[in-house]
Amino acid sequence: MTNDAPLQPEEQVQPLTWYLVRHGETDWNRAQRIQGQTDVPLNARGRRQIAALARRLHGTRFTAVYASDLSRTMQSARLLVGETALPIAPTPELREFSYGEWEGLTIAEVEARDADRFSRRLSGRNEDFAGPGGENTFDVLERVRRFHEQTMQRHAPGEAVLVVGHGGSLRALLVCLLDLPPEHFWRVRLDVAALSIVRSYPQTGVLELWNDTSHQDNLDPTEEE
């Protein structure tokens, strides 16, 4: 008897594997304050979250590391790379949404001061809408798509790249990697210090892991330093 079943993508060719990591927690994350492109560093818990992920990824051989050039992502990337000599490429295209005048405010403050815009932007799925002075979904998709295309050209099948970004920029990258419609942008959750894995084949992208935070299971959520 012959097996005429079609080969699955992973049986045909080696993929380019993307390890996607959202930065660790900051004080603004904890306070539910809108960060956007404001340069806020990791807090002590954020550093512990990323250190736990670094232990999980120990031994993974990355070809390259790309990170948003904001401090919370660069700090996260450095912790993940550890003492290896692998350089980190600061990548402005991977920055978070610019939220303009809303940056620095808590979500509750925005809702109280600007209820109509809040409902249209933070509670809705209006891809064309931006906060005052900020970016909309299409703006972020455009710059992340440039990074995606350039990275695909730089790297070969069988390689692995580590990308450290933000909730917004990594959602945009997922849309690019899986060739999803823009309206799928807000349909996925992405927590701080979460690990996701996507494998890129010549004709398709395959989502292997998304928003995995199991490496944080033993962290005390009330612990302070």
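Author: Let's start with V163, which touches W18, Y19, L20, V21, Y66, L94, F147, L170 and L173, leaving out residues up to four places away in sequence. Contact here means heavy atoms within 4.5 Å. This is a predicted model, where local features need pLDDT of at least 70 and side-chain atom pairs count only at pLDDT 80 or more, while totals for chains, interfaces and linings use all residues. Residues are numbered from 1 along each chain as its sequence is written, and side-chain values use heavy atoms, without hydrogens and water.

Reader: How do I read a nonpolar core, and which residues have the most contacts inside the largest one?

Author: In soluble globular proteins, nonpolar side chains tend to be buried together. A core is a set of buried Ala, Val, Leu, Ile, Met, Phe, Trp, Tyr and Cys residues joined through side-chain atoms within 4.5 Å; buried means under 20% relative accessible area, exposed over 50%, partly exposed in between (1.4 Å probe, protein chains only). Here the largest has 31 residues, and W18, L20, W102, F147, V161, V163 and L173 have the most contacts inside it. The top contributor is α8, with six residues; helices (H or I, at least four residues) and strands (E, at least two) are DSSP runs, numbered from the N terminus.

Reader: And how many salt bridges are there?

Author: A salt bridge puts a side-chain nitrogen of Lys or Arg within 4 Å of a carboxyl oxygen of Asp or Glu. The whole structure has eight. In one of them, R30 pairs with E25 at 3.1 Å between the closest N and O atoms; R30 is partly exposed at 36%, whereas E25 is buried at 11%.
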